[in-house]
Amino acid sequence: MNEYVEQGITLVFVAIYLAVMGHHAWLGKQKVHSLSDYLVAGRNLGGWVVALSFYATFMSTNTFIGAAGKSWDAGLIWCVGIVVYVGLCGVAWYVVAPRFVPLARQYGSLTIADFLGYHYQSLALRRFSAAIIVFASVIYLVAIYKGSALALEGMLGFSYPVALIMIFVLVTAYTLAGGFQSVILTDAVQGTLMVLGAVGIAMMLLLRGGGLFAMLETVKSQDSGLVSWSGKMSWLDVIGLSLAVGIKYVVEPRQLSRFYGLKNKKALKQAAWIAPVLVCVTYVALLPVGVLSHALIPESAIQSSDEVIPYLLSESQIFGPVVSSLFLLVLLSAAMSSIDSVLLVAGSAMDHDLIASNRVELESEGVSGVRFWVVVISMVSVLVALSPFAQDIMSMTSLSGALYGACFLPTLVVGLFLPKLSVRASLSSCVTGLFAVVGWHVVKRFEWTSIHEVYVGLFVGMLVFLIVTVIDGLQDGSRVNEKSDK
């Protein structure tokens, strides 16, 4: 099959995919009459579609390129992350969701930042939370844009800047049109493609390499450390990176925003088992890909673990031209299902929670404001992705996860179950968690330590939150005693 026919097949698949996206964007736009419609789709969605959206939103190109390729350097020990990811996904659905969903309905909440503001009755916390969300979202968007552009560069031969700008235009326009409704509808299609793609690439890799055990023997003969459980990376580093990424299931706004769409308890129970199963299947299929690829890819052909999947699909062509074209749709789905969700969350945080948090606004103005900031934030992220400041995909992904974990795990998750809330504790833990993560990340970049910032951030954020909560509780008790004595 010649090159022009192969490109023609690819373009046909891409055209069909974009047509489906356009249809969903059009459907979503017809139902947007208020800010509530644009951000939470009327809170009337079933379990299957929400579970697929929850899954698809998390499984970005960071997963299919960054996480799948990382075991090229780390070895088989990288697969320890499967337990972390699936466990944290279960925590999100079985611990956080049953408490969060009814409270969000009670408050009439539309975003995570306004949920915290209502829950703690603090405008300052709402605004600071929104600022954290925007900051962490940009970091994560840079990683997704970079991963998706690398995929297009490898598959279609576009230059990196051209691929980046193409994705920016497509996904930004799509997000502007339909909001949460169209995002959810398309996520269901994208999620299905991603599960099939993850299983497909694992199966084709094994078939091309002669089976799992034969490939492991080949890799072992090249470097025994790659297939050893003592590994090429320490357990502490592997769990740290996995925790920093997986903690997003529990605390990241784009994931928790999926809970807003559930229509009832039945839908919640259904989604609670579907989402972890999808996550488990995908990570079991993808995380070993990098290490097994040593059996097929010459050592000198790869400069970075981020290049493993693009190399397999372009140079090695393990799928063949037709199925490789289909897998390109998987990578596009992975990118767009994450970018649109993060843009929606960041845009709403900027307008609804930072700019318009203390004024009454018309619903139509709210939609226009969010759309404006969606464009601005998307442009900023693309510019950073084009600059030398963009780090490797896994580093940026784990940094954003560490920020969310340090700032929101104490305030949001622990705060869901406390009988008495402390505004001072929530603000203090968010501020100290933020500076702890950013500061430690800088220290790690200078190679003064190898400990991941997620450990430091979680420890500092949680410790400050608990100490200040106890102090405030003791002070409140002292005031009560003084009043009773009088």
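1. A search of the whole structure turns up 15 aromatic pairs. Here rings of Phe, Tyr and Trp (its six-membered ring) pair if their centres lie within 6.5 Å, with planes under 30 degrees apart called stacked, over 60 edge-to-face and the rest tilted. Before going on, please keep in mind that this is a predicted model, where local features need pLDDT of at least 70, side-chain atom pairs count only at pLDDT 80 or more, and totals for chains, interfaces and linings use all residues. Residues are numbered from 1 along each chain as its sequence is written, and side-chain values use heavy atoms, with hydrogens and water left out.

2. Now the overall picture. The protein has 20 helices and zero strands; these are DSSP runs numbered from the N terminus (helices H or I, at least four residues; strands E, at least two). Of its 486 residues, 59% count as buried, where buried means under 20% relative accessible area, exposed over 50% and partly exposed in between (1.4 Å probe, protein chains only). Among contacts between residues at least 6 apart in sequence, 84% join residues at least 24 apart; contact means heavy atoms within 4.5 Å.

3. Which aromatic pair links α5 to a loop? The rings of Trp93 and Phe259 have centres 4.8 Å apart and planes at 70 degrees, so they are edge-to-face. Trp93 belongs to helix α5 and Phe259 to the loop between α12 (253–256) and α13 (265–286), so the pair ties together parts that are 166 residues apart in sequence. Both Trp93 and Phe259 are buried. For comparison, Tyr404 and Phe408 make a tilted pair, 5.9 Å centre to centre with 35 degrees between the planes. These two sit four residues apart in helix α18 (residues 393–413), about one turn of the helix, and both Tyr404 and Phe408 are buried.

4. Trp93 and Phe259 also belong to one aromatic cluster, whose other members are Phe54, Phe58, Phe100, Tyr107, Phe115, Tyr118, Tyr249 and Tyr260.

5. How do α5 and α13 run relative to each other? Their axes come within 9 Å and cross at roughly 170 degrees; axes are lines fitted to C-alpha atoms, for helices over the stretch in contact, and angles run from 0 to 180 degrees between N-to-C directions. The two helices are therefore roughly antiparallel. The cut-offs are under 35 degrees for roughly parallel, over 145 for roughly antiparallel, 65 to 115 for roughly perpendicular, and oblique for the rest. Residues making the contact include Trp93, Tyr94 and Ala97 of α5 and Ala271, Trp273 and Pro276 of α13. By class the contact has 18 nonpolar, one polar and no charged residues, taking Ala, Val, Leu, Ile, Met, Phe, Trp, Tyr, Cys and Pro as nonpolar, Asp, Glu, Lys and Arg as charged, and the others, Gly among them, as polar.

6. α5 (residues 81–107) also meets α6 (residues 112–120), with axes that come within 10 Å and cross at roughly 80 degrees. These helices are therefore roughly perpendicular to each other. Phe100, Leu103, Ala104 and Tyr107 of α5 make the contact with Ile112, Phe115, Tyr118 and His119 of α6. That contact has seven nonpolar, one polar and no charged residues.

7. A closer look at α6: eight of its nine residues are buried. At its start, a side-chain oxygen of Thr111 reaches to within 3.0 Å of the backbone nitrogen of Asp114. Such a polar contact is a pair of N or O atoms within 3.5 Å; within protein, one must be able to donate a hydrogen and the other to accept it, and residues adjacent in sequence count only if both atoms are side-chain atoms. Just after the helix, Gln121 takes a positive phi of about 55 degrees.

8. Where does Thr411 send its side chain? It reaches the backbone oxygen of Cys407 at 3.4 Å and the backbone oxygen of Ser426 at 3.4 Å. Thr411 lies in α18 and is buried, with a relative accessible area of 0%. Ser426, in helix α19 (residues 423–445), likewise counts as buried at 0%. Not counting residues up to four places away in sequence, Ser426 touches Tyr120, Leu125, Thr411 and Phe465.

9. Finally, Gly47 lies in helix α3 (residues 47–58) and counts as buried at 2% relative accessibility. The C-alpha atoms of Gly47 and Lys266 are separated by 7.5 Å, although the two are 219 residues apart along the chain. Leaving aside neighbours within four places in sequence, Gly47 is in contact with Ala267, Gln270 and Ala271.
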